[in-house]
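My entries follow, in the order in which I made them.

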Amino acid sequence: MTDLDWRIEMPGLSVTQVHPAFLGILRLGRPQGTEREGYMSILGHALPQQPNIMVGQDRRLFWLSPCEWMIEGVPPAIVIDHVQALGGSRHYADMAAARTIFEISGSVARDLLAKGTSIDFHPRAFGVDHCVRTLFVQVGVLVARLDDGPTFRIYADRSYQAYLRDWFSDAALEFNRQDHLTS
Amino acid sequence: MNLRSQPLRSQPHRLPTGGLIDRDRPLRFTFAGRRYTGYAGDTLASALLANGVRVLGRSFKYHRPRGLLGAGAEEPNVLVTVGEGAWAVPNLRATEVPLYDGLVAAPVNCWPGVGFDIGAINNVFSRFLSAGFYYKTFMWPDWHLFEGFIRKAAGLGKVENLPDPHRYETCFAHCDVLVIGGGPAGIAAARAAARSGARVLLVEQDAVLGGRLNHDDAMIDGLGAPAWIRSAERELAQAPETRILRNTAAVGYFDHNLVALLERVEWDPARLATPGQAACRFWQVRAGRVILATGAIERPLVFGGNDRPGVMLASALRQYVNRYGVAPGRRAVIFTNNDDAYTTAFCLADAGVEVAALVDARKAPEDLAAQLRGRGIALHDMSVICDTRGYKGLKAVRLRDASGRMGWIDCDLLGMSGGANPTAHLFCQSGGRLRYDEEQALLRPGPAVQAMEVAGGANGTLALGPALEEAHAAAMRALEGMGQMPAAIPAPRAQASRTATITPLWSVAGGKSKAFVDFQNDVTLADIGQAHRENFVSVEHLKRYTTLGMAPDQGKTSGVNALAIMASLSGQSIDATGTTTYRFPFTPVPLGALRGSATGPLFRPVRRMPGHACHAALGAVFEEYGGWQRPSCYLRPGETPHAAEQREAAQVRRAVGLFEGSPLGKIEVKGPDAARFLDLVYANTLSTLKVGRCRYGLMLNEQGVIIDDGVAARLGEDHFLVGTTSAGADRIAAWLEEWLQCEWVDLDVVIAPVTAQWGVLTLSGPQARAVLARAGTDIPIDAAAFPHMSVRDGYVADIPARVMRVSFTGEMSFEINVPADRVDALYQALMAAGADMGIVPVGVEAWMILRTEKGYLHIGVDTDGTTNPLDVGWARVLGKKVDFIGKRSLLRPADQAPDRLQLVGLEAMDGPDHLPVGSHLRLAGRGDGSDGYVSSSVFSPTLGRGVALAMIHGGHKRLGEAVTILCAAGERPARIVELASYDPSGERLND
């Protein structure tokens, strides 16, 4: 579990596991009036309203579903205090220990992702700051695109760490060859 | 065998020049144990033909000697096994296997060999093996008398009984325009789409692009065919959003333009052995628009002896001559009903093959007749071939002219052409229907039902020029359909050609030899006639009765002929006769390609608990429970799993055990209506729970059936933590969400599943409190301050923790929840703290022993999809005032019937051995049938005897009654007892 020194490096592909320092899920049962904008002061951004959109750089806010956002990079106490002060059907769940992140970048990053999920990651279909919840090799994950490198991040339940590491190691084998796919 | 050391053999049928083969790269290969040589660029089929090997297989039913009929995916006769041992792949069409050095292939469906095959006896007894003979063997008195023999004889090829060493990949792809088929039409469409910047995927099942241009030269845009293909390939390769997949067959067309592709990546076992080298890649492509440019397949003619080795499709002959530089025979006859086969006659003559005659069933077109005369080829028009001769190879064909005169023509090769038919299999898979085109005598696609265009031969547009224009226009329409602006470019232009004509000729009567319609399943003209006489009216019935079109090739060469023959027998039109259903896959797909990498450890995701490494270090035996890898027990040296489970369970009663329960579902429920909401979803009442306390509850579905159980804790007035079973964590979270979103939208509550955030380590046993104290905690843990069924937040071993006093063992237990990444540290701290108090790690099996001793039910083990709370002794839920899910169902008489299966304890009366789980049992006085079954049973190390739980009809009222347990070994006496065999009053819980 603590073994986070796992990575794959080969020409055109890098897969690195990242441990999220701060990560949680904010749920608002009945957001009132301008409540969503009110989070600007503590999160640095308003909560995105558009589906499958991520905002922010150091502190990232991901739209997960209506009234549900994943927040990365913000110490949980800050959000919990804010939510508790408002009371009611508002909840912030610290999920830092529940999730692990695989960061995938390089020229064949999209080809690798295409082996695990049916989502289209072409820049026209899935640009920077897009995120999507989907099945990735039978595991429910959140995939986000960080930059045009391209760099993608897969947020997965930590219990699947060993399985996903095995899958990535196996799936990347073909890219270590001279004659691999090019997109 | 070392093939590379063999001298090169001559290739007697190889033409001195020509073909897209590399004569500087000879390749050695073996077929049926004999060694041959071919060239790079050959297929196994063309290389065998170059070596003059004519009998390449035996037919499916009659085991007749067969040679090549075609040159591509349509080949019905020559199925081969390629490779040896575990690498062997059966039932490949030799026309689709590219030659590689050292290739080893063998024919299928013959024994001992292709030359002499025992099964050929079937041909002698063929009058007993007519259409539907299989069904006719189902006779009284023994319906299965013949089945075994027939099953043994049936089937093609053999799969090795070894693990498949091939590597298979699967992947997804997306594009704006998917062009299926890389012939002239496909290239034209792909180029037009690519120029406008669309995302284009062009797939071609052959190793090279060009389709028929590889064997029929043409001038396009002023370039010869090879130059035009090269320039188009260059352009497509440079288009940034375009990808070409060669050796890739589109095999399936599903809803919403999902197309499945099978890419044959590598054949050579020498290269397949390198890590990461896939043999096949299975693609699932989601396309904005599909352009079908799959061309057309030539139809055989149906006449006596049309299956002898040497009788081939006329267009295939051109492929062997022009593409592979092979003379398929020495002396040829051409038999046709259309203009296209004349090209074959010219091609053969130009290559130096003697063409003895061209037989045209029609009046020959004058211009073509003149060209034949110019080459000195005899023309017999208004004539047919009605029979052939030659067992292991064609020797002569029998001509019948318009006046009925007969005569034999000696030849070793017959090129036949019954016209071409659009390759519309994928079109039909997409949901489209075919229509009969009288003028061209072919079935062509009707209106498209998905976002698709059909172009070229696939659409019945057989001439090159119109096909190119049609494909170009199809690409333009496809782009416009997606709202993209097509680039203004002209369509490629081909030299104009004469208009081809055809007169249908569906069958020729009068031959003595069998006239085959379906070569792969050995269905003859006579079989169709018989089916018609036996009143099989529907084309789908004809298919199943005769097995026509049911072979792996799905009737690629036989389908249209069969329909036309049936139509003429029944007097219906071809349209009215209809077509059979074409299904996935267009060509056979290895099962491995469908599974991809999902095998062995990657078969499906298995979850690991946060403390996995701790358990592994302690000798845990991992097993899968509800998708999680969990320790079933911890083996000490020399210990059996049973002994370990017994030791662990006993130690919990005696001292203390440490158990990881992290997978237990944890769902936070927050909001002003949280208590009201939980009253609705639990069968018991949660709103009366005090903050800081816990309560066990049952959840039911609308039918009143128990779907989950667990402990809920009240963290605040409007804040609960709902515990679920490990397997129920995701399911129950979704269940709660559904009720909130669909039924009780007025409730102001949020649901937050937090299962994975928290690791759970449970200390259980009389020493549990002492161990917890030693580990260090700021929570007051004496019995008065922290009673059973309560929850406290604090620190344990300096780790922030939420501790619950709940128990599944019947012993005093502290369930310590910490952030999942702190489980390691807590585990070490607790084991160290308990070292001198006898602490042991406890696996799931010991946990099951302990809960069975206590009579605690296990959802899904003791209960099933019919069990309601009354059945497990929860009659009190009927008294609950407020409504809850399943309440109304519990009020039905059937739910309260006294003879329902009810959960009780069971004690064996004949000794300490535990009863087998699953055994049925009978009450006194019953001689047959069952009154219930043993649902849980373990040997209790503490009591020194077996303890069991059982579901028994009316069991609650039968306490103390004797039952008979029906075991595999015989009957055993037992007695119905209370659920809890150990500490029934629960004193140990409240210490």
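**Strand β45 of chain B.** I started with β45(B), which four bridges join to strand β50 (residues 970-977) of chain B, the two running antiparallel. Strands here are DSSP runs of E with at least two residues, helices are runs of H or I with at least four, and both are numbered from the N terminus. Two strands count as paired if DSSP finds at least two bridges between them. In this pairing I found A908(B) opposite A974(B) of β50(B). β45(B) also pairs with strand β48 (residues 945-953) of chain B, again antiparallel, over six bridges. There G905(B) faces L949(B) of β48(B). How many of the eight residues of β45(B) are buried? I got seven, so this strand (residues 901-908) is largely enclosed by the rest of the structure. Buried means under 20% relative accessible area, exposed over 50%, and partly exposed in between, with a 1.4 Å probe and protein chains only.

**A note on the model.** I am working with a predicted model, where local features need pLDDT of at least 70 and side-chain atom pairs count only at pLDDT 80 or more, while totals for chains, interfaces and linings use all residues. Residues are numbered from 1 along each chain as its sequence is written, chains are lettered from A and ligands numbered from 1 in the order written, and side-chain values use heavy atoms, leaving out hydrogens and water.

**The sheet in chain A.** Next I traced an open sheet of five strands in chain A, with antiparallel pairing and the order β4-β5-β6-β3-β7. Its edge strands are β4 (54-55) and β7 (90-94) of chain A, each pairing on one side only. Strand β3 (residues 23-28) of chain A pairs with β7(A) over five bridges, in the antiparallel sense. I25(A) sits opposite A93(A) in β7(A). Helix α3 (residues 76-86) of chain A packs on this sheet and touches β3 and β7 of chain A. Its direction makes about 160° with that of β7(A); the angle scale runs from 0 to 180 degrees between N-to-C directions, with axes fitted to C-alpha atoms.

V137(A) is not a glycine, yet has a positive phi of about 35°. V137(A) is in the loop between β9 (131-136) and β10 of chain A and is buried at 13% relative accessible area. H63(B), also not a glycine, has a positive phi near 55° and is buried at 9%.

**Two domains of chain A.** The domain assignment gives domain 1 (7-20 + 98-176) and domain 2 (23-94), with bounds from an automatic or database assignment. Their C-alpha centres lie 25 Å apart. I counted one salt bridge between the domains, meaning a side-chain nitrogen of Lys or Arg within 4 Å of a carboxyl oxygen of Asp or Glu.

Conventions
Contact means heavy atoms within 4.5 Å.
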